[in-house]
2 protein chains.
Amino acid sequence: MARAGTTARKTRNQLEKRQAIFEAALDVFSEKGLRGATLEQVAKAAGLSKQNVVYYFNGKDAIYAELLESLLEVWVQPLRDMSADGDPLDEILTYVSRKVQMSRDMPRESRLFATEILHGAPRLGDVLPSELKALVDEKSAIIQGWMDAGKLAPLDPHHLIFSIWAMTQHYADFDVQVRSVLGPDRSATRFEDAEAFIKDMLIRTLRP
Amino acid sequence: MARAGTTARKTRNQLEKRQAIFEAALDVFSEKGLRGATLEQVAKAAGLSKQNVVYYFNGKDAIYAELLESLLEVWVQPLRDMSADGDPLDEILTYVSRKVQMSRDMPRESRLFATEILHGAPRLGDVLPSELKALVDEKSAIIQGWMDAGKLAPLDPHHLIFSIWAMTQHYADFDVQVRSVLGPDRSATRFEDAEAFIKDMLIRTLRP
DNA sequence: CGCAGGTTTTTGCGATTGGTCATATTCATC
DNA sequence: GATGAATATGACCAATCGCAAAAACCTGCG
């Protein structure tokens, strides 16, 4: 037996299979949650048998944990990219664009994280209070700098970031509700409309 | 056998027990989700035996479904109370206040609805596209009226409501993340700070 | 008081689901 | 064909839902 899940070195085939399982797991877990999903559903979506999935990972929880971890960096990248060098408003509006884009193109990832955090983020370990906090603190300091320089209206940077997270991710996480309320026709342009709305709101708010 | 769950008429004792089960179920379901929670956990939290809980309801799903339904009206009440007669900005800021208050005082309810909608809201039936849509459309029309009268800056009312939902509920649903990022000291005042921030943002945005 | 009716609770069990393990068997590659 | 990787098969075990029937508990009324 190979225990593909534990060995560090992996063949091309192994990586492909693991990727297929990740993709399937993202589908199933984001829709039903960790407990609501079964290994068999993941296996079927990946085109493998339940036992074969276990061969590549060490069980259900391991898939979920590794999936979360592998998506983490991608998830916070837009905030990472916010630079102190750019134009303040541009930087923030670009950040909003990218977050709306992620809600449209990666709703499963958004829901996965949402569910996890909603339930207390037990598997995110201490990533939130350490790494994420550090990142947000760093970017908040930059924003604060812009405000101190009179380039933006003075507001609490932390809550500004929270509000951007909330508004943008809302369109991925609560898509069912958004579409229900907007109705079929207006739903077609919900992401563009949302982006325009949020940007408009931030421009009016942040104008010094 | 009495089938307390099905009969329309209920004694005082029955109602009390059912209420206790609701309370326990809210605790457990909001924390672990429907599938993640077990009947026994609910029963223990309610101080009853598992089988006795089944006596009062017709099983796990029935508790969850009835719980959701019983909370729905409470949940949308603040929006219901928004009146066309009041001062536009006041009405909206009051709405924000009440929503933040609900995030602080009823986080379990918020998370329960969040989880449900996140997973496609299968048990909310067609409440979203019918009743909720009607309510939001009605209030959006009122806001639109205010904007047309020049009392508020022109914005999309639907997305304005979405953004208020998103920002206020964020502090209940993602409380773990908020507290992690803010750190212990700043967390103490997170709801007051959030309310002030959101109101400030809306005032700047909606000023005609 | 005591018992007859219904109500509530407990006991015990059947059945299903789902995660995991152990052991073949097939496959690919040298 | 030899060797290790990959897949398939079968079985097991734990968790848990839900039912049925017995037991305990009222409560009103003769």
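Ala, Val, Leu, Ile, Met, Phe, Trp, Tyr, Cys and Pro count as nonpolar, Asp, Glu, Lys and Arg as charged, and the others, Gly among them, as polar. Keep these classes in mind for the tour.

Residues are numbered from 1 along each chain as its sequence is written, while chains are lettered from A and ligands numbered from 1 in the order in which they are written. This is a predicted model, in which local features need pLDDT of at least 70, side-chain atom pairs count only at pLDDT 80 or more, and totals for chains, interfaces and linings use all residues; side-chain values use heavy atoms, with hydrogens and water left out.

**Stop 1: DNA strand C**

Select DNA strand C. Show the residues near it (a residue is near a strand if one of its heavy atoms lies within 4 Å of it). There are 15 residues around DNA strand C. The closest are Leu39(A), Lys60(A), Gln14(B), Lys17(B) and Tyr56(B). Sugar and phosphate make up 60% of the atoms of DNA strand C that come within 4 Å of the protein.

Now colour the surface near DNA strand C by class. Four of its residues are nonpolar, eight polar and three charged.

**Stop 2**

- Pick Lys60(A): an N or O atom in its side chain is 2.7 Å from a phosphate oxygen of DNA strand C.
- Pick Asn52(B): a polar side-chain atom lies 2.9 Å from a phosphate oxygen of DNA strand C.
- Pick Gln51(B): a polar side-chain atom lies 3.3 Å from a base oxygen of DNA strand C.

**Stop 3: the helices**

Switch to cartoon view. Helices (H or I, at least four residues) are DSSP runs, numbered from the N terminus. Which helix gives the largest share of the surface near DNA strand C? H3(B) does, with four residues. Helix H3 (50-56) of chain A, and helices H1 (12-36) and H3 (50-56) of chain B, each supply at least two residues of that surface.

**Stop 4: DNA strand D**

Move to DNA strand D, which 14 residues surround. Gln14(A), Lys17(A), Gln51(A), Tyr56(A) and Thr38(B) are the closest. H3(A) gives the largest share of the surface near DNA strand D, four residues. That surface has four nonpolar, seven polar and three charged residues.

Zoom in on Tyr56(A). A polar side-chain atom of Tyr56(A) lies 2.5 Å from a phosphate oxygen of DNA strand D. Finish at Leu39(B), where a polar backbone atom is 3.2 Å from a phosphate oxygen of DNA strand D.

How values were computed: Polar contact = N/O pair within 3.5 Å; in protein donor to acceptor, adjacent residues only side chain to side chain.
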